[in-house]
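Here are my notes on the site around one ligand. Please read them beside the model.

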There are 2 protein chains.
Amino acid sequence: MYATRHLARRFAFSQTRRLSHVPSNAPALKSATSEDLAHFSKILPQTCILSTLPSLNNTPSTTTIEELAPFNNDWMNKYHGKSEMVLRPRTTEEVAQIVKWCNEKRIGVVPQGGNTGLVGGSVPTKNEVVINLANMNKVRSFDPVSGILVADAGCILESLNEYLAPHNHIVPLDLGAKGSCQIGGNVSTNAGGLRLLRYGSLHGSVLGLEVVLPDGTILNQLSSLRKDNTGYDLKQLFIGAEGTLGIVTGVSILAAPAPQATSNVILALPKFDNVLPLFTKVKRQLSEILSAFEFFDREVYDLAVKHNQGRALNADDVEGAECFVLVETSGGNREHDEAKLNALLENLLESDEPLINTGVLSQNPAQFASLWAIREGLTEAVSKEGKAYKYDISIPLKAFKEVVDTTREHLRSQGLLRHDAVKNVVGYGHVGDGNLHLNIVAAAYTPEIEAALEPFVYELVGKYKGSVSAEHGIGVMKTHALHYSKDEVNIEWMRRIKNLFDPHGIMNPGKVLP
Amino acid sequence: MYATRHLARRFAFSQTRRLSHVPSNAPALKSATSEDLAHFSKILPQTCILSTLPSLNNTPSTTTIEELAPFNNDWMNKYHGKSEMVLRPRTTEEVAQIVKWCNEKRIGVVPQGGNTGLVGGSVPTKNEVVINLANMNKVRSFDPVSGILVADAGCILESLNEYLAPHNHIVPLDLGAKGSCQIGGNVSTNAGGLRLLRYGSLHGSVLGLEVVLPDGTILNQLSSLRKDNTGYDLKQLFIGAEGTLGIVTGVSILAAPAPQATSNVILALPKFDNVLPLFTKVKRQLSEILSAFEFFDREVYDLAVKHNQGRALNADDVEGAECFVLVETSGGNREHDEAKLNALLENLLESDEPLINTGVLSQNPAQFASLWAIREGLTEAVSKEGKAYKYDISIPLKAFKEVVDTTREHLRSQGLLRHDAVKNVVGYGHVGDGNLHLNIVAAAYTPEIEAALEPFVYELVGKYKGSVSAEHGIGVMKTHALHYSKDEVNIEWMRRIKNLFDPHGIMNPGKVLP
Ligand SMILES: Cc1cc2nc3c(=O)[nH]c(=O)nc-3n(C[C@H](O)[C@H](O)[C@H](O)COP(=O)(O)OP(=O)(O)OC[C@H]3O[C@@H](n4cnc5c(N)ncnc54)[C@H](O)[C@@H]3O)c2cc1C
Ligand SMILES: Cc1cc2nc3c(=O)[nH]c(=O)nc-3n(C[C@H](O)[C@H](O)[C@H](O)COP(=O)(O)OP(=O)(O)OC[C@H]3O[C@@H](n4cnc5c(N)ncnc54)[C@H](O)[C@@H]3O)c2cc1C
């Protein structure tokens, strides 16, 4: 398997770099043993322990390696751990006891939520103990007046939304993985997703966290206050820390009132240059009801059609379109929202030099879903077409096309743009957030293509002072690329924070920091 | 003066507590000398230095103590420093050089913005060097497409709003002190203010910071990206750190599109119990255009009228009202917004058991301003009536009245509720944010009243798991009360963060941590 080879190479690299930074007194991590298993059996019932290790008196385990596979392999099946023990605590206290023991014994642990992360952060790099939060799945409280929801970290995002629906509220976060990902995983990856344009980032909407620190201390910041300026806002450090500073066990978050009406439209643009003026105009005219502004280029749209993602637009509607934009509105009054959207469309179509060729407006919930299906199906279309190299980057909006084109030209100049190597170079993403998903679709993963892409793409991102990871995080996948987005001073201070919280380096080792 | 005596007492207390925590190797801070002055004269031109110290060859300074007074005394004229040196650097590089020197020489520094803080954080406790940011007042960039504004920390909030106006954007933050406070000060206090309900907290809208750390290192996190998940979000630590971890020199913030239409209404409620159902209803019906929901009780309204704040409502409108709510809408379409607001009012008045007695709706900009003037004039009315003990607390919405009433009853039971002692106990604040301003208006500040109020009020807040400082911060005023909102684990971890960034304790000494 190429993925594995590739992984091994990268680890070797990151190992070398890491070594030079780890304080010399940091001991190597130990593997969990049958003794540890015996200890955990005192904390947890057997139903909460999965381990292939024999018992203390050498009785072989009845658990098979296959049973551990879902916890050892990531969503992309690209990263593969060798953990022999998965623990599924039910309470914060249990998490604390487990972590305390691991810290004393210098055993590495991997906090795991829904295991939907896309950068290999949620599975072991070696044989660390996996602490899976799935059993911590209760809503602790919800106040319909303030909208403040307090929940166990292991609650699944979609379940929380279902819980909130009868209270006319929604989680201020939505993403394709909602059926599996957990709120604790969302917080730990600072997930962005489809509602960010409207509801802002988790740094604003998360009001409190309960965290088990690497030494087993419980840091209770589970405030259910909207405003609290009493000292440093420590919880912020754990938002996006990808489980390297502690285990999030509880989350307090400000739910948003459910919109009364939603609508969407796909606009076809004659040229990319129109995207920016269009965005400005749309923001201005729809203002507070604008909830998504998603961009996708013609090439990826054609892939979506080819692979039956959503219902294709009419030939007339796509003719001469260089790219598309999906606009969504969510508001408190259907009539008002439709009036605003119609006024926008008229204004767009009637202008002297129209920014758009056509617009396809959904007229009912089925059409609404079908327009979203095109946008949401792009990822799948890409993966059906071939092997995808995925770059989740933030760059200035105006550079979106340039980055896609430059990458394509670069591959062409290397002689790699041909049907048996790189088939497509496509771009789509959340224009509203400056977040471009650059996808290079190849016939197969090859070292040659990868060498042509990296560090080329990261250097391109660096040139625009962009981010090499807009929303997916660093995990193990991008530790070597962190320096393209963060300078040495920043990385050094991250390292100091890491050492402060986790001096023995037990917490999700090998992730985030190079 | 009572204020001074009171201050001295509190310091003695916090000093004792602090000593037991400072690592034993932390040296005492030194006073700045003529030698230091000579050094700073090499970094800054004379126009940027104000000092009463003699020069190295003993020439007396021409600067008077009076000239330093505005930098030594806080906005309330309650806290008084004795700094002999105010530095006003013009660049980040200059700030870095100054701080580096102070760190090496163990000289305490106080970062100062507009000096409008309300907890004594912005003035020295002794004779620390004041580093005032007023000369760093340039906008660095603004991108009207993304709405991202990058500015020097010393830019005055109102000036930034004026800068943005022609670009149809606003700073997502507004407060009474806008004409003097600086964006760096706002960030450092994590200021809330009047737009928080709509635009969320600075933890969400600040996208990047440039910070000079206590050792003089420049930490550049001045990202102008909306999304960036590359490692720990270190900048968050400085939001609300009140200048104790470093000096903010640059701020990148997401400006909001300017609303096309705003409107407001004051609703008179027969009883406090109606506030919560009203809030729920208003949130539901106005949803995304609701931009303020401000509460004030009858007693403070009467004070506002007595002291001519805004134009009094008609006698009919206030008759039988136990409290009031000011509702503001900001939206993209005047017609739609008015329709929504009118529908709400009709719905409220026509119901069988109306939640409100009456509503006074502004019909034009002058009336809009005049309704706001009542709400914004409450603070002034209170201070005209007498000496105010001010508590800026977060508690569950439903406890607002209970806290005001309990405090009043407590004072009554102590025999202190009489015209020559406590005259009024009033409450107002941002219901939408759970933020209550509890004000005790007395004939004079007396130790007796203070003893009756503290720790009584803080304990009350603690009982509701509230915050002893919703938005103003801790400064020197509330270090002794921090433990009512944060447990020992939290305070201990704050201290570790402080020691990590500022091992010599030079950065705003005596503030935030007990
Ligand atoms: C189909 C699909 C669509 C996606 N769309 C988006 C998108 O639009 N936007 C976006 O930002 N991301 C997206 N993602 C990736 C996203 O990061 C994850 O889906 C999600 O946020 C991770 O949650 P999880 O519970 O699965 O965490 P995991 O995958 O289990 O873990 C992710 C990281 O967080 C850590 N972690 C998990 N739980 C905890 C905890 N309780 N305490 C401490 N650390 C913890 C893990 O150690 C790991 O480093 C998508 C993924 C998929 C598969
Ligand atoms: C009339 C009035 C109304 C107010 N209304 C509100 C309100 O509605 N909501 C609210 O939250 N607050 C309010 N405040 C208080 C509020 O905290 C301050 O007005 C403001 O945010 C502080 O900004 P400043 O520039 O004046 O900071 P300063 O007062 O100069 O400093 C405040 C703190 O921040 C630190 N600091 C300042 N600048 C920097 C910097 N560049 N780097 C590091 N540290 C720095 C100081 O050391 C100090 O600890 C009000 C104050 C007044 C006088």
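1. An oxygen atom of ligand 2 sits 2.6 Å from a polar backbone atom of Pro111(B). From the side chain of Asn508(B), an N or O atom is 3.0 Å from an oxygen of ligand 2. A polar contact here is a pair of N or O atoms within 3.5 Å; within protein, one must be able to donate a hydrogen and the other to accept it, and residues adjacent in sequence count only if both atoms are side-chain atoms.

2. Of the 970 Å² of accessible area that ligand 2 has on its own, the protein covers 93% (Shrake-Rupley method, 1.4 Å probe; for residues, only the protein chains shown count as cover).

3. This is a predicted model, in which local features need pLDDT of at least 70, side-chain atom pairs count only at pLDDT 80 or more, and totals for chains, interfaces and linings use all residues. Residues are numbered from 1 along each chain as its sequence is written, chains are lettered from A and ligands numbered from 1 in the order in which they are written, and side-chain values use heavy atoms, with hydrogens and water left out.

4. The shell of ligand 2 holds 34 residues, with Gly114(B), Thr116(B) and Gly117(B) among the closest (a residue is near if one of its heavy atoms lies within 4 Å). α6(B) gives the largest share, five residues. Helices (H or I, at least four residues) and strands (E, at least two) are DSSP runs, numbered from the N terminus.
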